[in-house]
Amino acid sequence: MPNFKVKKIKELILPFKKDEVELEWMAENNNVILIYTKVNEESFFLQIKKEENYFIIKGDKHTKPSKIAYLQKSLQVFKDYFCNSEDIVSEAFAFKHNALIEKTSLIAFDFDQLLSKIKGRIYIEIGFGSGRHLLYQAQNNPDVLIIGVEIYNPAITQVAKLAKSQNLSNIILIQSDARLLLSALKSNSVEKIFLHFPVPWDKKPHRRVIAKNFCLECARVLGKNGRFELRTDSYEYFDFTLKQFLNFNTPKFSLKKNEKLEISSKYEDRWKRQNKDIFDLWVWNLDRVCSESNLDDFNFSDITFDTNDLIFLEKNFKNFTLKGDDYFLHFENLYQAKRGLIFKIAFGAFNKPEHCYICVNNKIEFLFKKPFKIKENLKAMEKLKKVLKFHFDIA
């Protein structure tokens with residue numbers, strides 16, 4: 001994460017604007033100052049953290065902009081106008097003016113951007129690694145949009161370069177947890193889901209991608225003839241996955257061993273050199289799962305606060321977690337600002353948590369984007385409304 005360290009900071013007089021960078025207002029607690037920042041169409045927090053002998057200025061990791069250059073430029077403006085050069089301890093960012101140019105349309109920086117590009121036939125590959133199989137599918141299915149989801153950013157950057165060099169435009173890559181990606185997709189919208197050589201987690205099966213909720217999400221997003229395909233060198237993972245899908249009423253399977261494919265990943269090449277067995281499991285004809293959630297949206301309009309409410313919330317705030325059967329709500333931090341109280345919260349499903357900032361003044365509002373409309377998030381937000389309405393009494 002780009003950042004710099006400085007011994008002293010000049011007085012923060014906001015709002016402040018220079019070129020495309022707007023530093024609008026700030027919120028703070030005993031350890032951190034957050035500066036609401038806008039660059040062109042995007043908004044995010046710059047974070048000033050107080051250390052013993054210096055301040056560290058960086059982007060808040062849960063609100064970072066889609067283009068790293070927006071953050072870099074904001075840091076540059078802050079350094080130039082609110083710090084003296086002799087007070088700079090170190091810096092780890094380098095802004096280039098041409099960095100604001102979008103380098104590739106093959107990478108989606110958030111789900112909104114991804115969903116805006118989805119149309120027609122869709123394949124998904126989870127954990128595409130070096131990208132051999134993903135690129136093969138894109139080459140051989142030019143009329144299909146191939147969505148690749150990966151948690152490691154270097155893999156995304158490398159595969160995007162390879163796709164561009166091969167003139168492939170039917171690819172979108174995103175850094176995310178696959179389970180969250182599936183939650184964001186429409187029902188009956190996907191033809192194939194590939195999961196090739198996932199980490200088997202034989203000693204920690206609870207960490208596997210495959211689980212009851214994942215299988216239910218596969219059934220929901222796969223179309224009538226849609227198919228899930230697992231390829232693995234772990235018999236334990238193969239067997240575990242088969243048993244998970246056997247919980248459906250009328251699943252159909254294709255099971256194969258040491259099947260030779262036209263394309264082989266670097267991991268598969270390694271396993272073959274070690275004479276390991278390779279297992280394939282195809283699954284289709286899963287029970288149809290109901291469409292999108294019918295729970296209420298993130299609507300806080302029925303709750304209002306007066307000055308005494310805000311004083312009580314600020315005085316009685318504490319870091320705590322509430323848990324339901326399939327969701328949680330965690331209050332992480334509280335910041336004071338002229339516009340109201342700023343709460344940072346984590347929430348949602350246990351295996352795919354989200355973070356957001358909400359501002360509480362006479363009403364509740366999200367400072368940035370609303371969370372994704374999945375049932376776990378909706379349940380957490382309903383709990384949030386009750387907690388704030390009853391002044392933490394139900395905590």
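Biologist: How many residues does helix 10 have, and what is its reach from first C-alpha to last?
Modeller: In this predicted model, helix 10 has 15 residues. At 1.5 Å a residue the expected reach is 21 Å, and the helix comes close to that. From its first C-alpha to its last, helix 10 reaches 21 Å.

Biologist: Which elements cover the buried residues of helix 10?
Modeller: The buried residues of helix 10 include Leu378, Met381, Leu384 and Leu388, and also the charged Glu376 and Lys385. Their cover includes one helix and several strands. Among these elements are helix 9, strand 16, strand 17, strand 18, strand 19 and strand 20.

Biologist: Which residue just after helix 10 takes a positive phi?
Modeller: Helix 10 covers residues 375–389. Just after it, a phi of about 55° is found at His391.

Biologist: What kind of aromatic pair do Phe320 and Phe392 form?
Modeller: The whole structure holds 28 aromatic pairs. In the pair of Phe320 and Phe392, the ring centres are 5.9 Å apart and the planes make an angle of 85°. Planes over 60 degrees apart count as edge-to-face, and the pair is therefore edge-to-face.

Biologist: How many residues apart in sequence are the parts that this pair ties together?
Modeller: Phe320 belongs to strand 16, whereas Phe392 lies in the segment after helix 10. Phe320 counts as buried at 10% relative accessibility, and Phe392 does at 8%. The pair ties together parts whose separation in sequence is 72 residues.

Biologist: Where in the chain is Phe331, which also pairs with Phe392?
Modeller: The rings of Phe331 and Phe392 have planes at 85° and centres 5.9 Å apart, so this pair is edge-to-face. Both Phe331 and Phe392 are buried. The pair links parts of the chain 61 residues apart, with Phe331 in strand 17.

Biologist: What is the hand of the crossover from strand 12 to strand 13?
Modeller: Lys192 stands opposite Arg227 in strand 13. The chain passes from strand 12 through helix 6 to strand 13, a β-α-β crossover that is right-handed.

Biologist: Which ring does the charged end of Arg227 sit over?
Modeller: Arg227 is in strand 13, opposite Lys192. The charged end of Arg227 is 3.9 Å from the centre of the ring it sits over, that of Trp282.

Note on methods: Residues are numbered from 1 along each chain as its sequence is written. This is a predicted model: local features need pLDDT of at least 70, side-chain atom pairs count only at pLDDT 80 or more; totals for chains, interfaces and linings use all residues. Side-chain values use heavy atoms; hydrogens and water are left out. Rings of Phe, Tyr and Trp (its six-membered ring) pair if their centres lie within 6.5 Å; planes under 30 degrees apart count as stacked, over 60 as edge-to-face and the rest as tilted. Helices (H or I, at least four residues) and strands (E, at least two) are DSSP runs, numbered from the N terminus. Buried means under 20% relative accessible area, exposed over 50%, partly exposed in between (1.4 Å probe, protein chains only). A charge sits over a ring if NZ of Lys or CZ of Arg is within 6 Å of the ring centre and within 35 degrees of the ring normal. The expected span of a helix is 1.5 Å times one less than its number of residues. Contact means heavy atoms within 4.5 Å. Two strands pair if DSSP finds at least two bridges between them. A crossover is right-handed if, with the strands pointing away from the viewer, the path from the first strand over the helix to the second runs clockwise.
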